[in-house]
Amino acid sequence: MAPSFVRCLPRLHLKGLGACLSLALFAGCGDVEPHTPLVLSEPVALDEHLVWLDASNQRALVLDVAGADPQPHVTSIDLKGVPGTTQRQLAHNALLSLTANPDSDDADLVVLTSSGVKTRYALGTQFDTLTQSADGNFAIAHFSEAGASTKNASLLFNPNEIAIVDLTRTGNSAVTKRTLRSFGTAPRLVAFSPKMQLAGEERQLAVVLFGSQIALLDLNYPDRPEYTIELSRGASITLSQVRFSAEDQKIYLLANGSNDVYVLRLLPAGGNRENDFEPSLNQLGADAAPQDMVVFEGSLGSRLLVASGTRAEIVEASSSRVTQIPLSTRADRILLFHGTSPFDDADEPRALLFAVGQSSVSFLDLEEAEERTTRNLETLAVPGGIQQLIPLNDNLVLIPQTSGGLTILNLEERTASPIQARLGLAAIQPSLATGRLWATSTGSKALGYIDVDNLHPGEVRLDYEIQRLFVLDKAKRVVAVHSAPEGLVSILNANDPEDLEQATTLQGFFFEGILDR
Amino acid sequence: MKQPLFRRAETATLAALLTVSQLAPAQTFAPVNPSPASTETPAAPTAATAAGAVTPAPTAAPVAAELPATAATAPVSAAAPAPAAAAPAVPAPAAPAPVLAAPAAPPPVAAAPVAPPDSTRRAARRARARKPPPEKPLYPLYSLLTLHAVANSVWNNDVAYDSFNSKDVGGRFGVQLDADLVHLTPAIALAAELGYTYEATDNTELPPGLGEVGRLEAHHPHVAALVRWSLVDWLAVHARAQVGLSFTELQIERAGVSSGDEALTAKACSPFFALGAGLSVWTPAHRISARRQYFNSLAYGARIEAGYLFSSAVALEFPDRDANPPERQIAVRGADLGAVNRSGALLGLSAFVRF
């Protein structure tokens, strides 16, 4: 018989072992760190790639969709900041993104290409709006009206602070930060002029619209003080549109709440000014509130065409002469084009006047319109109603109908060809390179297309519902982005979309390697 | 006292080992091809000569070689006493001298050994009756098999594992059967093991969008070799080498995702290897039968073991799928999600019954 203490030992050991195992199982277990969810922007196409910005992980995800053998693999680019406002850099194959440092008030403007961050500009302030020139060479970062009213993260906040960025340069000298003078309001819009001759030098201006005042900035000399011009006393008007006439060195402005067209003439400045030009304000009265305007160059010189609902007005700024042309159909938008007409083979400036929701449009031949008035006017019925207007090549215009179909409008022949659609079209992508219009509908798997040459429609059904559609002209690919958190795109040959053996669906690229992260 | 079968086998093994080791000097004592020097020079005195053998060296070798084992070992035991452990295993040297003296006759002796007289056999029987009882092994006596109920914990600090278990430690539960193959010494035994463990974990805290539940299920059959050293009669330490196969299934349920795939699944069969060491404690053996040679006692115990498990990783991916109209018009290429590393530190606890 074993001694009693020996018989006790196994029992004690068992308790000890149990305690050890419990310790290992529960006390020593490492808890799992939660995953950071993907907060992705809408995709943007960059030539042969699709780019998503992941705000939660401060990175860009680039998917090559144009390679010979596309793979479900995304390249991650570290943005070193939370991406905010992002837009395609005009006339460049790059993205501009305002990124904010979450740990401070610092912010950068990042120029992003498919291969990585090309340039990073330190702005120092977390702006929420970015406006760039048509050539993509200048950008101005500023606060929006909403941002100015809701920006409460900082103790002190200057809503009139802006940053002018020369995107053709690098380094700190490319960024000019300044505060605009104001009469108590914050910037609403920024517009860039085309290059124009001012004071013997070709230069570009930026116009910042406030409620009833503007600021003129010389982008050639961003350090020079701006001109601040108050167009109306009080807050009764809100500036809404700005147009430029490079030939006449004039700036035209429209304002909500005013029937006037404001004209700024840019003249050489006197010797006592730091700027070498100065604006001169003129105010042209109109009978009805102008809603859209374009500047055109006719045989008689530069003119301004204004759409005011039930009438069109041609304004000669130098003489303040206004010619009114009554419209048979309401119009608040203008599309200027150059081409022929069924009655005139001359290549002249002409205008299409239209309004969203209307079922007819007006053509106005602008040459000699001040004399011929309504005789230069023609009305055309557009079935289905106008939802929006998308200019195409060769003076063709695509009009998505409010009833769900499409209308191809030939501006020179002045014909409207309706294309019926079973479903409301959500995404319409014209592609000049493929000579096709690509369209899809919300919640549909069908990808439709129309040959622009003969208006022959075609359709191919994909396996998943299409959320976004991209046509890569250079790569001759059509990319349908499907709604799936893991990442799901279908890539088709734009020249032969119905041959699905050439098509590929890529799945799961957002979660590539996620188990190992 | 009756010896159990395995005990007899051990005794015979030890006796054989001792016989071989003690015969070795005799071979040097009588080389098969003696050198010229040895043929001219008498052999040096050996244990055999010291024991009283009168046969000259050149003839002693063939005589000794032809003797029965009992006769050959007897003088050796008498001349150079074996270790205490070996003593009971060898028949007592009742009359060694006459046995060796008998072949003192010329060479034909080897072909016809002389039987000992009755008095000698009686003396030998008496000597055997007086021999000490065999030494008890320290492990519970009369037990061959050990049946374990196993709970293993594998510390898996691989990030990928987190998608299938909210903790880094995964439990594996099962059974295993140990069988003692041989007692190298009364305290050290070599055993073989056959076992099976099952593992199932899940986690609902997946990366957002990946799925709702991640599940891991695995079956692990294995074999192992174990060396056990009994320190006292209730405690032993051991070392164990284990090899096996893991039949693993990973699954991520994705119900309701717009891409329509209900689940992502990966099945893999992969080998694993583990090394571990630990200790066992047990209760005193309860005799359950006095008549059986073995399986006649019962002991309970527990074992704890620490080690490391080496196993290959299991990959999970969105599968590539060919076009299969009308169900699927376009071929799909799926991304790799990563691989779950299955290696990790091992802590095992088992309760066992030995019989």
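The tour below goes from one chain's confidence to another chain's overall make-up, and then to a single residue. Keep in mind throughout that this is a predicted model.

**Stop one: chain A.** Colour chain A by pLDDT: the average is 86, and 91% of the residues score at least 70. Now select residues 1–12 of chain A, where pLDDT stays under 50. For this stretch the model has eight contacts beyond four places in sequence.

**Stop two: chain B as a whole.** Of the 355 residues in chain B, 41% are buried. As for contacts in chain B between residues at least 6 apart in sequence, 68% of them join residues at least 24 apart.

**Stop three: Gly195(B).** Select strand S3 of chain B, residues 188–203, and pick out Gly195(B) within it. Is Gly195(B) buried or exposed? Its relative accessible area is 10%, so Gly195(B) counts as buried, the cut-off being under 20%.

Now display what surrounds this glycine. Leaving aside residues up to four places away in sequence, Gly195(B) touches Val175(B), Gln176(B), His220(B), Pro221(B) and His222(B). To finish, draw a distance between the C-alpha atoms of Gly195(B) and Leu177(B): the two residues are 18 apart along the chain, and the separation is 6.1 Å.

Key: Residues numbered from 1 in each chain as written. Chains lettered and ligands numbered in written order. Predicted model: local features only at pLDDT ≥ 70, side-chain atom pairs only at ≥ 80, totals over all residues. Heavy atoms only, no water. Buried < 20%, exposed > 50% of the residue type's maximum accessible area, 1.4 Å probe, protein only. Contact = heavy atoms within 4.5 Å. pLDDT = per-residue confidence, 0-100. Helix = DSSP H or I, 4+ residues; strand = E, 2+ residues; numbered from the N terminus.
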